[in-house]
Amino acid sequence: MSQSGLYDLAVVDNVPFGNTGAEGRFFALRLERPEWKGWAPGQFVMIRPLGWALDMPWARPLSICRVSSSELVLFFQVSGRGTARLARLSRGERVHVWGPLGNRFAVEGGTPTLLLAGGIGIAPFVGYAERHPTPGVLSLLFGHRPPAECYPVETLSERISVEAHQEKAPADLERFLTLVRERIAACAARDGLVLACGPTPFLKAVQKDALDCGARAQLSLENRMACGVGACLGCVTRTTEKWPVPAKAGAPVQTCTNGPVFWADQISLEA
């Protein structure tokens with residue numbers, strides 16, 4: 001796995017997606033590429049602009065969307081004070097970035113792989129599709145509330161099959177979750193791999209369907225994090241009897257250092 005470190009990076013650009021007016025809430029933050037020896041889709045970084053005052057001491061965790069030869073791209077949604085300030089970053093400003101952190105999604109070259117994304121959970125699948133050795137085995141089922149143009153759907157569609165479903169009414173959500181169950185069952189029947197990222201209620205549904213169908217599935221959690229290195233114990237997740245370390249089976253573990261990607265049968269998402 002790659003060696004993480006602390007980097008001082010310049011903002012290359014901060015590109016709004018979808019609505020670009022006062023209500024714009026989705027951004028692709030492009031930074032100078034850190035001198036990483038490597039990274040893996042599913043990992044994340046902690047980011048804190050140098051201009052933040054002491055009233056916001058903690059960095060913010062963001063999934064790595066993609067990394068090119070010259071840039072690190074982080075896709076995020078404004079959801080609080082921290083991300084609102086990230087949205088105001090402009091070219092040339094500098095940020096502290098700690099990473100890459102956490103573990104990765106499994107990659108199985110010849111295996112049918114179903115990607116399931118809810119909302120901002122689409123972010124890590126951009127890099128996953130870009131780096132996958134055989135992208136033809138990938139398909140993405142994406143559920144979202146804002147319009148599709150608020151997300152990097154077009155970028156993903158250039159490489160893999162993407163099916164997007166917008167939720168405008170409660171019935172839309174029920175139809176989407178029914179489709180998720182059907183796709184997971186079909187993937188399990190082919191001994192495929194299911195990878196999911198999104199809000200906890202969505203991941204709970206995916207986890208239940210995967211366990212019911214006997215599907216091999218990984219879940220990338222969106223837990224709140226303060227340090228990103230396992231020191232603050234603010235992002236713990238409880239393990240099950242399937243946890244590979246017997247002494248910690250049934251105990252809480254840090255999501256930032258043991259995840260954020262977990263096998264579905266090894267964790268509990270119940271409060």
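Are F27 and F76 buried or exposed? Hold that thought for a moment, everyone, and keep in mind that what we have here is a predicted model.

Let me start with the rings. There are 10 aromatic pairs in the count. Take F26 and F75: their ring centres lie 6.4 Å apart with the planes at 20°, and because planes under 30 degrees apart count as stacked, this pair is stacked. It ties together distant parts of the chain, since F26 sits in strand β2 (residues 26-32) and F75 in strand β6 (residues 71-77), 49 residues apart. F26 is buried, at a relative accessible area of 4%, and F75 is buried too, at 3%.

Now move along to F27 and F76. These two also form a stacked aromatic pair, 5.7 Å from centre to centre and with 20° between the planes. Again the pair links distant parts of the chain, with F27 in strand β2 and F76 in strand β6, 49 residues apart. And here is the answer to my opening question: both F27 and F76 are buried.

One more thing about rings: F26 and F75 belong to a cluster, joined through ring pairs, that also takes in F17, F142 and Y151.

Let's turn to the helices. Helix α4 (residues 170-189) packs with helix α5 (residues 200-213) at an angle of about 35°, and their axes are 9 Å apart. The crossing is right-handed. Which residues of α4 and α5 meet? On the α4 side they include F176, L177 and I184, and on the α5 side F202, V206 and C213 are among them. In that contact, 11 residues are nonpolar, two are charged and none is polar.

Methods
Residues numbered from 1 in each chain as written. Predicted model: local features only at pLDDT ≥ 70, side-chain atom pairs only at ≥ 80, totals over all residues. Heavy atoms only, no water. Axes fitted to C-alpha atoms, helices over the stretch in contact; angles between N-to-C directions. Helix = DSSP H or I, 4+ residues; strand = E, 2+ residues; numbered from the N terminus. Left-handed = near helix turned anticlockwise from the far one by under 90°. Contact = heavy atoms within 4.5 Å. Nonpolar A, V, L, I, M, F, W, Y, C, P; charged D, E, K, R; others polar. Phe/Tyr/Trp six-rings, centres within 6.5 Å; stacked < 30°, edge-to-face > 60°. Buried < 20%, exposed > 50% of the residue type's maximum accessible area, 1.4 Å probe, protein only.
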